Amino acid sequence: MVRGGAQGVLFIVSAPSGAGKTTLLRKVISQLSGVSLSISFTTRDPRPDEREEVDYFFVPRTKFINMEKEEKFIEWAEVHGDLYGTPRANLEKLQRGEDLILEIDTQGARKIKEELQNGVLIFILPPSLEVLRERLRGRSGDSEEAIQARLQNAQNELDQMAWYDYIVINREVKEATKELTSIILAERCKTARVLRDRGGEYG
Ligand code: 5GP
């Protein structure tokens, strides 16, 4: 669904690794029309269950750096020693009236907020730090060293949640999905947005 004449809404979703963000967002996308996930570029190796162009565009560091020089990214950041970037071209969907979700870290979220002065910021929290630890340990493909780095980074990410617009606590997938879809639907109905996009039609 494309809301005719309208500019799409940009959603920026951050969470510490292991908060369950990807599962939640996949569910949201399957339940709502008119919204898609932005696929980032990364220099990290794919995990066993990940697919090229579905989870990320996996590229060598040299290619990523060249793309960065060519200003192909609207934002990029180094996370856990790897580079991650959002292709500028992905934002074109907004002009076509489609909503877009960026799944990015707090550094990238801040850059987008400052540079574009646009975007609805949503932070996803795990039910507790203990659950976060368990989830990171249970994930295939990551070494103990990588898990420790992610846990440390999680604490830094949690310190950033205060400047987000919404916080969703992922206690239970069904409930958290409902909260996320509600945020998206409510944002589409914001008075300022409707008047900007459709005000002319009502005199
Ligand atoms: P993971 O390696 O677990 O998929 O992601 C690690 C972190 O990188 C997560 O916090 C994720 O949101 C973030 N990330 C993924 N893509 C991007 C991106 O394009 N830009 C930024 N700044 N962070 C990203």
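Author: Start with the make-up of the shell. The residues around the ligand divide into five nonpolar, five polar and seven charged. Here Ala, Val, Leu, Ile, Met, Phe, Trp, Tyr, Cys and Pro count as nonpolar, Asp, Glu, Lys and Arg as charged, and the others, Gly among them, as polar. This is a predicted model: local features need pLDDT of at least 70, side-chain atom pairs count only at pLDDT 80 or more, and totals for chains, interfaces and linings use all residues. Residues are numbered from 1 along each chain as its sequence is written, and side-chain values use heavy atoms, with hydrogens and water left out.

The shell holds 17 residues, and Ser40, Arg44, Tyr56, Glu75 and Tyr84 come nearest. A residue is near if one of its heavy atoms lies within 4 Å of the molecule.

Now the polar contacts (N or O atom pairs within 3.5 Å). A polar side-chain atom of Ser40 lies 2.6 Å from a ligand oxygen. For Tyr56, a polar side-chain atom is also 2.6 Å from an oxygen atom of the ligand. In the side chain of Tyr84, an N or O atom is 2.5 Å from a ligand oxygen. The protein covers 94% of the 510 Å² of accessible area that the ligand has on its own (Shrake-Rupley method, 1.4 Å probe).

Two strands stand out by name. Strand E5 (73-79) and strand E6 (82-87) are the elements that give two or more residues to the shell. Strands are DSSP runs of at least two residues, numbered from the N terminus.

Notes
Polar contact = N/O pair within 3.5 Å; in protein donor to acceptor, adjacent residues only side chain to side chain. Helix = DSSP H or I, 4+ residues; strand = E, 2+ residues; numbered from the N terminus.
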